[in-house]
Every structure is written in C-alpha cells, then in structure tokens.
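Thanks for coming. I will go through one model and keep to the geometry. Here it is on the screen.

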Amino acid sequence: EIEGRTALTVLSKPLTRRSFVIGKFVGIAWTVCLMFIVLGVVFLLVVAYKPIFDAKENTTANPPWQVCFQEMMHVVPGLVLAFMETLVLAALSVAISTRLPLLANFVISLTVYVLGHLTPLIVQSAIAQEFAPVVFIGQLIATIVPVLDHFNIQGAVAAGVPVPFTYLLVSLGDCIIYTTIAMLLALTLFEDRDLA
C-alpha cells in the first residue's frame, strides 16, 4: 500500500493510521477465516467419507454415523490450530509490511515460519552442545521468534492420541499473545512512517 500510494490515498480520508493497520489485519483475518471455513468443511466431509470408503473397499457393512463423526472430530483441533498459526503469521506480516517491501516481507515471514517450527530443536541442540555462544543464539531465537511448533499436533496425530481441549486453550493464549505483540509492533512502526 505504501509503494503503490494506496495508503496515502486512504489516509487522506478521515481515517487514523491505527485504524488503517488494524483494518488491514482484520481484512486478512476475515479472508483467512472464510477460507478455513469453506475448505475446512470440504476437508471434514472428505474425512467423514473415509470410513465409508474403507468399508466399501473391504466389502464390509457401512459404519454407523458415529464413526464418521468421530473421524471428523479428530481433524477439528488441527484445523483450529492451523488457523491460529495463520493469524500469528498474518499479524507478523502486517507488522513487517509497515516498513519493508513485499519481497522482504515474504522472505522474513518464511524465515519466521521455518525458525518457529524449528525453535524447540534449536534450543535442545544448543543446550546439548553446552557451548556458550550456541546456547545464547538458541535462546535468542527462542525469545524473538514465536514458537509456532505449539500449533503443530503432528506427533499426536501420528500416535493416535486425541488433542485435549486444554491444549487448544493454551494455544489460543499463545495466539493472542503473539498476535497482540505483532500488532503493537505494527502500530508503533507505522505511526511515524513517512508515506510521501
């Protein structure tokens, strides 16, 4: 918006910079939410059909609807956590976009995504090394980069363990904290940005 002079045009109206940044995030969040709902419903329908498909392949009787419903419910926590992770990355991307162009925003967001999922491994290997600079770098990354691995339930899915509701609540707290910090950073960075 800044390079294309859209921000200058929009902010010439009676609109504050704060409203502009928050509106940008809300617009992204609304679009992502709509996408998750539409694609999530399609995904849940396909997952619900899986036991019926398996029964037809094995020439057994169709399973009761409870089995299909249970299959769907195992997928819902993963969808919710993926949505939370997307909100965190969207807030971070909005913060970066207040100062940097699109390509730099993409590279930094991708780096945060990769480091966010590798943070626990980086910290563990840094502690195992017991070499002070490596430990410092590992802890610095863990402090600065949001731990996106909290939104990953791959281990639970692979082990067939259901995800408890309390885990979703803790992840929601992480999502709110990370998103709030990123949005406060965005508001601070955009407040004194020269648009001309």
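Is D54 buried, partly exposed or exposed? D54 has a relative accessible area of 29%, so D54 is partly exposed. The classes are buried under 20% relative accessible area, exposed over 50%, and partly exposed in between, with a 1.4 Å probe and protein chains only.

Before going on, the ground rules. This is a predicted model, in which local features need pLDDT of at least 70, side-chain atom pairs count only at pLDDT 80 or more, and totals for chains, interfaces and linings use all residues. Residues are numbered from 1 along each chain as its sequence is written, and side-chain values use heavy atoms, with hydrogens and water left out.

Back to D54. Its partner is K50: the two form a salt bridge, with the closest N and O atoms 2.8 Å apart. The rule is a side-chain nitrogen of Lys or Arg within 4 Å of a carboxyl oxygen of Asp or Glu, and by this rule the count comes to 1 salt bridge. K50 is partly exposed as well, at 45%. Both residues sit in helix α2, 4 residues apart, about one turn of the helix. Helices here are DSSP runs of H or I with at least four residues, numbered from the N terminus.

Next, the packing of α2. Two packed helices are described by the angle between their axes and the distance between the axes. Axes are lines fitted to C-alpha atoms over the stretch in contact, and angles run from 0 to 180 degrees between N-to-C directions.

Helix α2, residues 17-57, packs with helix α7, residues 165-191, at about 140°, the axes being 9 Å apart. α2 and α7 are therefore oblique. With helix α3, residues 65-97, the axes of α2 come within 9 Å and cross at roughly 160°, so α2 and α3 are roughly antiparallel. The cut-offs are under 35 degrees for roughly parallel, over 145 for roughly antiparallel, 65 to 115 for roughly perpendicular, and oblique for the rest.

Last, helix α4, residues 102-129, which contains V107. V107 is partly exposed at 44% relative accessibility. V107 also belongs to a nonpolar surface patch of about 770 Å², together with L103, F106, L110, Y113, V114, L118 and L121. From N105 to Q139 it is 34 residues in sequence and 24 Å in space, C-alpha to C-alpha.

How values were computed:
Patch = residues over 30% accessible without salt bridge, like charges linked within 9 Å, V, L, I, M, F, W, Y side chains within 5 Å. Areas by Shrake-Rupley, 256 points an atom, 1.4 Å probe, with all protein chains shown as cover. Helix = DSSP H or I, 4+ residues; strand = E, 2+ residues; numbered from the N terminus.
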